[in-house]
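Subject: Structure for you, with pocket notes

Hi,

Here's the structure I promised to send over.

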Amino acid sequence: LAQEGLIGARVVKSFAIEDTMIERFKKAGLENVRLNVHLARVQTAFGPLLDFSVSLGLVLLLYVGGESVIGQTLSLGTFVAFQRYIQKLVWPMAALGLAITHYQKSVASSWRLKEIFEEPEEIPQAGPEGRKLHGRILVNDLTFTYPGAAKPSLQNINLVIEPGTRVAFMGPVGSGKTTLLSLFAKLYAVPRGRIYIDGIDINDWSAADLREQIGFVAQDVFLFSESIAENVAFGMVRGREHVESAARLASVHDEIAAFPLGYETKLGERGINVSGGQKQRISIARALVREPPLLILDDALSSVDFHTEERILSGLQSAGFERTQIIAAHRISTVKNADQIFVMKDGKIVQTGGHRQLLSQPGLYRQFYEQQQVQEELDEYLRQIET
C-alpha cells in the first residue's frame with residue numbers, strides 16, 4: 001500500500017483523495033500492529049510457559065521418583081540418569097517448536113513461488129536458432145481470445161506486410177491494435193498456421209531469436225533507474241556514438257545533452273524526472289539502437305507534438321533505416337505516409353489502403369480525418385485568441 005501511494009502520488013493528488021489514502025494506510029497500519037502484537041504475545045508467552053513446564057516436570061519427577069527410591073523400587077543411579085535425560089530433552093523440544101514455526105512461514109512463502117514455477121508455458125520458446133529476420137509477415141484468418149476472456153479480441157484477421165515497408169494500424173481504443181502487434185512479437189500463444197514470419201510459422205521461431213531482431217516500443221513506457229545511456233543501450237554492448245545516433249533518430253539527443261550530466265543523468269523510478277514525451281522518445285531510441293529488421297511502435301508517438309513526430313518519422317524513413325516498420329496510432333498525421341493502412345474496429349479490419357485511397361471513400365478513416373481536422377482548427381483558433 002505504501003509503494004502504491006508513492007508511485008501513484010500524482011494520481012492521488014490530481015483527484016484530491018489524500019485523506020482517503022491516509023485513512024486506508026491507517027487501517028492497514030492498525031491491522032498490521034494488531035497482528036504483530038498478537039504474534040509478540042504468543043512469542044513472549046512461549047519462553048515462560050516452556051520454563052514453567054520444565055520446572056513442573058522436574059517437581060513431579062522428584063516427587064514420584066523420590067518415593068520410588070525411598071520405597072526401593074527404583075535405584076538412585078537410575079533415577080539420576082532419568083532426570084539427566086529429561087533435562088537434555090528440553091532444548092531439542094524447544095528447538096523443534098522453533099523449527100515448526102519457521103517451517104510454517106516457509107510454506108506460506110513457498111506456495112506463492114510454487115504457483116509461479118508451476119504455471120504452464122503457453123508460448124513455444126524453442127526453435128532453430130540463428131535465423132535472420134527479413135520482416136515479411138503473413139496473417140491467415142487469425143482469431144485470438146485472451147485466456148479467460150468472454151469474446152475474442154481479434155476476429156478473422158488477414159493481411160500481408162512486405163519487407164522494408166511502413167504499415168500502420170489505426171482504430172478506436174479497444175479495436176485490437178495492441179493485441180495484434182503483441183502477437184507479432186510472440187508475446188502470446190498463437191494457434192499454428194495463423195501467423196507466418198518470413199514464410200515460417202511463428203511457433204517455429206525461437207522466441208529469444210525473434211525478439212532480439214524486433215525493436216518493440218509498447219504503449220506503457222518503462223524506464224529503469226539507471227543512466228539515460230544505459231536505458232538506451234539496454235544491456236547491449238553499444239558505443240556512445242551508437243547511443244547518440246539512436247537518440248538523434250528519436251529526436252531526443254538535444255534534450256538529453258541539455259541535462260547537466262548529459263547521457264550519464266540518472267533517471268528516477270520509472271523515469272520520473274523526465275517528461276512523458278521524453279520517456280517515449282528514449283524508449284524509441286532504445287528500440288532503434290538495436291538496428292532491428294522489424295520495428296514495432298505501439299502508439300509510441302502519442303506524447304510528442306506534431307513537429308517532433310514529423311522529425312522522427314522522417315528519420316525512420318531515411319535511407320539509413322530501410323526496414324519493416326509497423327505503427328499503431330490514433331492520429332492521422334502519424335499514419336498518413338504509411339505504404340498501407342489497416343483500419344480496425346471491434347477486433348476486425350474494416351478498411352485497407354493508402355491515405356488518399358481511404359479518404360476518397362466513406363468509412364471510419366475519413367470520419368477520423370474529419371474529426372481531427374475540426375479539432376486542429378479549434379486548437380488553432382484558441383491559440384489565436386490567447387495571443
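Which element gives the most to the lining of the second largest pocket? That's α2, with three residues. Before the rest, some ground rules: this is a predicted model, where local features need pLDDT of at least 70 and side-chain atom pairs count only at pLDDT 80 or more, while totals for chains, interfaces and linings use all residues. Residues are numbered from 1 along each chain as its sequence is written, and side-chain values use heavy atoms, with hydrogens and water left out.

A pocket here is an open set of points on a 1 Å grid over the protein atoms alone, where a 1.4 Å probe fits, with protein on both sides within 12 Å along at least five of seven lines; lining residues have an atom within 4 Å of a point. Volume is the space filled by probe spheres set on the points, which are joined across faces, edges and corners. Helices (H or I, at least four residues) and strands (E, at least two) are DSSP runs, numbered from the N terminus.

The second largest pocket comes to about 360 Å³. Its lining has 13 residues, and the closest to the centre are Ile7, Arg10, Arg270, Ile272 and Lys279. Both α1 (2-7) and α2 (9-14) give two or more residues to that lining.

Now the largest pocket, at about 420 Å³. It is lined by 17 residues, with Phe216, Val217, Ala218, Phe234 and Arg286 closest to its centre. β6 (214-217) and α10 (276-288) each supply at least two lining residues, and β6 has the largest share, with four.

Cheers!
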